[in-house]
Amino acid sequence: MFTRAIRATSKSTRSLRTRSLGARAFSSLDLIPEEPSGPSVKTDKVPGPKGIAASKEIDTFQDPRTHVIVPNYEESSGNYLVDADGNVLLDVFAQISSIALGYNVPALLELAKTDEFAKAAMNRPALGSFPPVQWAEWLKTGLLTVQPKGLDQLITTLCGSSANETAFKCSFMAYRQRERGGPDVPFTKEEMDSCMLNHTPGAPQLSVLSFKSGFHGRLFGSLSATRSKAIHKVDIPAFDWPAAPFPELKYPLSEHVKENEAEEKRCLEEYEKILIESKSTRPVAAVIIEPILSEGGDRHASNNYFRQLRLIAKKHGAFFIVDEVQTGVGATGTFWAHEKWGLKEGEEPDFVTFSKKMQAAGVFHKKETRPNAPYRNYNTWMGDPVRALQAREMIRLIKSHDLVSHTASTGLNLASSFKSLFGSSVAQGKIMNFRGEGEGTYLAWDMASPAQRDTFLGKMRNNGVQIGGCGDQTVRLRPTLTFGERHAEVLVGTVEKVLKEL
């Protein structure tokens, strides 16, 4: 057991301090003055006895097998998550990439104390039919201030899966509307009658193309587009939709330029072939892609590859959905990850979906993909006003503290330190395919085997760092936007310590 805060002393962590000298940069203490100075672990293992007991109590009415720890959120602060046993862990997983600023940020707690927030929470409206009088103001001063280029329409939803499902529905409706001849062309009686039987032509045989290793949610449509892990899909009926290959890049990128260019070319050719061949059977109405295939193992491709995906989709009449549920809101060093693709005017996506770090969820889209009749994309809640208010305040704080730029620079320094560490003897035979440099703190690496990866994650928790995995043997970083040099020193030092123990 140990209760002291971990202090990094390696060459790689000392370099972090050296690079941070100069003009004063943002510190998490600017927003969270009471944030702990470092981790503190009191039990032999994490979770400890109280955490295990808490999971057992939950087990009496709910499956706890996915529990990692049982946190005490009242005691957590900033980038530090406190568990049921009082262990204080540096959290670089942030609720599966869903905490933008940290735990119990004072400015957000003050928002929660306002009458505006309390009354919005206690009078939850059916937004589609009874929006509050402030709804336009709340969105125009919040979510709509970060709308992706070219997308001035917004549908608020409940979660990332429902955001993607909403984009699918919009795509199908717009696709058929285009085939029909425009929004004013009425539905035929045959269409209206057959759709009630789930038959064509009212229920058309259209599809959504996704990519192998992609993840887009766990509802029926989004699960059909998900290709990351079989356990997510087995036993569930699915739509017969196509999956295109995603490039398997070799690392370091600088040493495999020709091979990676050839791999991306191969995948683009197969992608276009699927789009063409599907036209005679089950036409592709929409293509959905993550800027980084996250749950599937943090898989990357070049900016040109993504731009070509968009252009090829446009060429073949398929709507283009960018799933920014995990990559959005600054984590990659730009507010939206797809900003790096170099899309020109007229090439922007048709839809961008979001959730997680935004706390609110929804779909940005174009006016021409608005359904031609009411109630076609509709449900009772259609989002939640308190989440819209929370998102508005977080966006204000992100902008006022320039946290996207902060995350970009922090990520570059962190990547440099990890490259130094992973190039040393301590990582030999254990770490491979380090990736994400230039993508903010959205960094990842593979370990020698799935078992070694899982052992690594457990030892990191025991040493005071909550970190996550993805894919078969990947470790991924998903810290908050307030994560900085102080936290990076702890993280790199702990990774080095644990690697020595493996």
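How are α5 and α13 oriented to each other? In this predicted model, helix α5 (residues 115-122) packs against helix α13 (residues 385-400) at an angle of about 150 degrees, and their axes are 8 Å apart. Angles over 145 degrees count as roughly antiparallel, and α5 and α13 are therefore roughly antiparallel to each other. On the side of α5, the contact is made by E116, F117, A120 and A121; α13 contributes P385, V386, L389, Q390 and R392. Sorted by class, the contact of α5 with α13 has 6 nonpolar, 1 polar and 2 charged residues.

M382 is found in the loop between β9 (361-365) and α13. This residue has a positive phi of about 50 degrees although it is not a glycine. M382 is buried, with a relative accessible area of 14%, which falls under the 20% limit for that class. A positive phi, near 55 degrees, also occurs at N433, again a residue other than glycine. N433 is found in strand β10 (residues 431-435) and is partly exposed, with a relative accessible area of 30%.

Aromatic ring pairs were counted next. The model has 22 aromatic pairs. In one of them, the ring centres of F418 and F422 are 5.1 Å apart and the planes stand at 20 degrees, so the pair is stacked. F418 and F422 are 4 residues apart in helix α14 (residues 403-422), and are therefore separated by about one helical turn. Both F418 and F422 are buried. The rings of W445 and F456 have their centres 6.3 Å apart, with planes at 80 degrees, so this pair is edge-to-face. W445 lies in strand β11 (residues 444-447) and F456 in helix α15 (residues 450-462), so the pair ties together parts that are 11 residues apart in sequence. W445 and F456 are both buried. Ring pairs link F418, F422, F434, W445 and F456 into a cluster.

Arginine side chains also meet aromatic rings. The charged end of R124 sits over the ring of W381, at 4.1 Å from its centre. The charged end of R478 sits over the ring of Y442, at 3.6 Å from its centre. Both R478 and Y442 are among the residues touched by S294. Residues up to four places away in sequence aside, S294 touches Q326, T327, Y442, C470 and R478. S294 is found in the loop between β6 (284-289) and α12 (303-315) and is buried, with a relative accessible area of 0%.

Cis peptide bonds were also examined. One joins T200 and P201, with omega of about 5 degrees; P201 lies in the loop between α8 (189-195) and β4 (207-211). Another joins Y251 and P252, with omega of about -5 degrees. The place of P252 is in the loop between β5 and α11 (257-278). A further proline, P237, is in the loop between α10 (230-233) and β5 (243-244). P237 is exposed, with a relative accessible area of 61%. The C-alpha atom of P237 is separated by 8.4 Å from that of S224, a residue 13 places away along the chain.

Technical notes
Residues are numbered from 1 along each chain as its sequence is written. This is a predicted model: local features need pLDDT of at least 70, side-chain atom pairs count only at pLDDT 80 or more; totals for chains, interfaces and linings use all residues. Side-chain values use heavy atoms; hydrogens and water are left out. Helices (H or I, at least four residues) and strands (E, at least two) are DSSP runs, numbered from the N terminus. Buried means under 20% relative accessible area, exposed over 50%, partly exposed in between (1.4 Å probe, protein chains only). Rings of Phe, Tyr and Trp (its six-membered ring) pair if their centres lie within 6.5 Å; planes under 30 degrees apart count as stacked, over 60 as edge-to-face and the rest as tilted. A charge sits over a ring if NZ of Lys or CZ of Arg is within 6 Å of the ring centre and within 35 degrees of the ring normal. Axes are lines fitted to C-alpha atoms, for helices over the stretch in contact, and angles run from 0 to 180 degrees between N-to-C directions. Angles under 35 degrees count as roughly parallel, over 145 as roughly antiparallel, 65 to 115 as roughly perpendicular and the rest as oblique. Contact means heavy atoms within 4.5 Å. Ala, Val, Leu, Ile, Met, Phe, Trp, Tyr, Cys and Pro count as nonpolar, Asp, Glu, Lys and Arg as charged, and the others, Gly among them, as polar.
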